[in-house]
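Today I am opening a new notebook page and going through this structure piece by piece. Here is what I looked up, in the order I wrote it down.

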Amino acid sequence: MRVVAALSGGVDSSVAAARMVDAGHDVIGVHLALARSKSEGGKSRGCCTIDDARDARRVADALGIPFYVWDFSAEFAEDVMADFLAEYRANRTPNPCLRCNEHIKFRAVLDRALALDFDAVATGHYARVIEGPDGPELHRAIDPDKDQSYVLAVIEQDLLKHCAFPLGDSVKADVREEADRRGLRTAHKPDSHDICFIPDGDTAGFLTRALGEQPGQIVDVATGQAVGSHRGTFTVTIGQRRGLDLRIPGEDGRPRYVVDVDATTDTVYVGAPELLDVRGMTADQVIWAAPAIDHEWVDVLAQVRAHHQPVPAMARFLDGHLQVELLESIRGLAAGQSVVLYRDTQVLGSGRIVETVAASDDSVTVGTLGRRDDRA
Amino acid sequence: MNERRERAFIDHAATTPMRPSAREAWLRASEVAGNPSSLHASGRAARRIVEEARESIADDLRTRPSAVVFTSGGTESDNLAVKGLYWARRARLGLDEPFLVASAVEHHAVLDPVEWLGKHENADILWLPVDARGRVNVSRLAEHLADNALRTALVTVMWANNEVGTVQPVGEIAALCKEAGVPFHTDAVQALGQVPVDLSEVPATAVTISGHKVGGPFGVGALIVDPHESVVPVAHGGGQERDIRSGTFDAPAAAAFAVAVNDAVREQQTHAAHLLELQSSLVRGILELVPDTLVNGATIGDPSERLPGNVHVSIPGAEGDSLLMLLDAAGVDCSTGSACTAGIPEPSHVLLAMGVDERTARSSLRFSFGRDSSPRDVSAVLAALPGVVDRARRAGSVSSDRFRSAQAAVEMS
């Protein structure tokens, strides 16, 4: 196979590329230039740092494979960063890693690789592609702590045959040890956790700078009383407890959480944690990594965050929307998050949550109702 | 060298292999122990090497030894000339916002210092436009100088362009500037060795040359600058090189550089003839295989207009970086324009200044022949090209959507 190994400059992609080389494939290393740094005159640079780009190059040297930097910064700016801001502006809480996988890594990069006569793109994600009776299937990695199938659930099934995840059968500790054994300089680099274009981890600060301050009140739903203020509804997330700086204690003295946001009045509502319990949701932007389900309810497992226990659920697909009824409630769920459906370890598909149903009340929806037509 | 021989290395404008004669000169000089600034016998022995190198280069370029200031290479020489001459003349004339005139197609080593002076040092920049061949508009310069000679700190126009190989009318420009009394700098890094560089005929105030582009070592170059012209130093220190360029003399580098320059100048005519043959056979071959190829720059085959070793083409529908990658895989080393540190293609400012649209600019490739180039290299390109173009065009059609969206994003911002 002719393979494009995406080299982020981290340990995982290094070992993934090394394994592809060992397997006898014809491999080239590609580092993606994604974020544009203003300080460097708007020139693109690698995600996330100069060190990463350099490490990627040196890993390619060590593996004896060609190395290129592919510039997808324009696509990244539009499909990931602009989307990220638009979602927050609409009071949804997006996961930019999913959008990057959907639009950049397994779309723009893969398209380009295929057009250049490569057969596959290999990354250091922890997930497995398994040949099943209905074609390739995307499955969880065997290492539950590292499993990244959630963020990969945006890959359409017909693209899975072009995806190689050589680390899916390994545990992280073994990957590091292997990198060390191979003498790869990335063996001891720390894992990255932050959003790559917000390296300091201060998402609220980034959003305030990008979107401007839109201060408003924080209101206690139990009393209707204003109990604090915020710099913008996008600086808080449903389920958030810390950092709200509430001036007036709650009636019962219990901790209060962000339970709802009203963007039209710039009001953030706080209340008891039970209000956060969600028993169902609707999602749009549905992508199937397996044959699509239809309007009949089926048993699935639903996962709403990258590192979150999946819960048993029923799901159906109706009018382009995914409806999910949870059999156990989930606490703290914001519109904009992605719900990923699994059958056992297999990823079925994903969607963007636009509406949630509170466990406490059949009629009230908690969370912001997203506009459904804005991505058409 | 062996690995390079197996590959078709057609990127000599980026760098060209070191000449054995230069390497020998370096090794010989490296055995001399002294610091050329030291006053004892060992120091004098080392200094003698530096001064002999200086004289050799001055002879070859037909200038005086005292004009030769050794530097670390082209970028440093360009910065020293642009900033140093600008600052000196601004102070001498007591100007607040002097004009700084530069061609729109300069190398980044000139372009960026010019922009920096505009941003931080009050320079009023006049970018000299170029025509579709990449040649500067001399009458625009003449017009400017007629009215503004005493308000102009510096004119800088490269001798030959590094991307498309266009040779500028530097003799004419130098004469104009001299008559107006305005300092003139020219970057001759690409010109040296390919076209005659005779400073007795081109009365430039300052000329940049570089070691590794003529078969000398990396990390050495020179600014040939009129000893009567004052230049404000960029880096301050021990006061070597007429107080213009401090830093310990590098005798081995100077010696090797001088040998390379000498060889390059001596061989220039036969070298140019050799390059011209390769240039025309490659262009002919490409046009036969890919008839809609656009040849960028000035007339092929005329070394008074275009560097004989330069071929620059755009292949519509393909992206330069795809072409480069596929040729790389096929054993051909070339470039999409000038090499940039990040390895990320930006549309070339040179092509844009020539009126080439951004799309076409992104679909370009530069081949540059050198000393050890042969018809085998041309054959290697032509053998690989049909398949490469085919694949790159398929990838190009995939990316045309993203190109449009990227353009839209640029227009929005």
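**Positive phi in loops**

I began with Asp319(A), which counts as exposed because it has 7 C-beta neighbours inside 10 Å. The model is a predicted one, so I kept the confidence cut-off for local features, a pLDDT of at least 70, in mind. Asp319(A) sits in the loop between β15 (311-318) and β16 (321-331) of chain A. Its phi is positive, about 50 degrees, although Asp319(A) is not a glycine. I noted the background too: most residues other than glycine have a negative phi.

Next I went to Asp245(A), whose phi is near 55 degrees, again a positive value in a residue other than glycine. I found Asp245(A) in the loop between β10 and β11 of chain A. Is Asp245(A) buried or exposed? I wrote down exposed, since 10 other C-beta atoms lie within 10 Å of Asp245(A) and the limit for that class is 12 or fewer.

**The sheet with β9 to β12**

From that loop I moved on to the strands. I traced an open sheet of 4 strands in chain A, in the order β10-β9-β12-β11, with mixed pairing. Which strands form the edges? They are β10 (226-230) and β11 (257-262) of chain A, each of which pairs on one side only. On average, neighbouring strands in this sheet are turned by 30 degrees against each other, direction ignored.

I then checked two of the pairings. Strand β9 (residues 216-220) of chain A runs antiparallel to β10(A), and 4 bridges join them. In that pairing I saw Ile218(A) opposite Gly228(A) of β10(A).

**Domains and their contact**

I listed the domains of chain A as domain 1 (2-181), domain 2 (213-271) and domain 3 (276-366). Taken over C-alpha atoms, the centres of domain 1 and domain 3 of chain A are 26 Å apart. The contact between them takes 20 residues from domain 1 of chain A and 18 residues from domain 3 of chain A.

On the domain 1 side, β7 (135-140), α5 (149-152) and α6 (157-160) of chain A each supply at least two residues. β7(A) gives the most to this side, with 4 residues. By class, I recorded 9 nonpolar, 5 polar and 6 charged residues there.

**Confidence**

Last, I looked at the pLDDT values. Chain A has a mean of 89, and 92% of its residues reach 70 or more. Residues 38-47 of chain A stay under 50, and the model has 28 contacts for them beyond four places in sequence. Over residues 363-376 of chain A the pLDDT is also below 50, and this stretch has 33 contacts in the model beyond near neighbours in sequence.

Definitions and conventions:
Residues are numbered from 1 along each chain as its sequence is written. Chains are lettered from A and ligands numbered from 1 in the order in which they are written. This is a predicted model: local features need pLDDT of at least 70, side-chain atom pairs count only at pLDDT 80 or more; totals for chains, interfaces and linings use all residues. Two strands pair if DSSP finds at least two bridges between them. Axes are lines fitted to C-alpha atoms, for helices over the stretch in contact, and angles run from 0 to 180 degrees between N-to-C directions. pLDDT is the predictor's confidence in each residue, from 0 to 100. Two residues are in contact if their C-beta atoms, placed from the backbone, lie within 7 Å. A residue is buried if 20 or more other C-beta atoms lie within 10 Å of its own, exposed if 12 or fewer, and partly exposed in between; C-beta atoms are placed from the backbone. Domain bounds come from an automatic or database domain assignment. Ala, Val, Leu, Ile, Met, Phe, Trp, Tyr, Cys and Pro count as nonpolar, Asp, Glu, Lys and Arg as charged, and the others, Gly among them, as polar.
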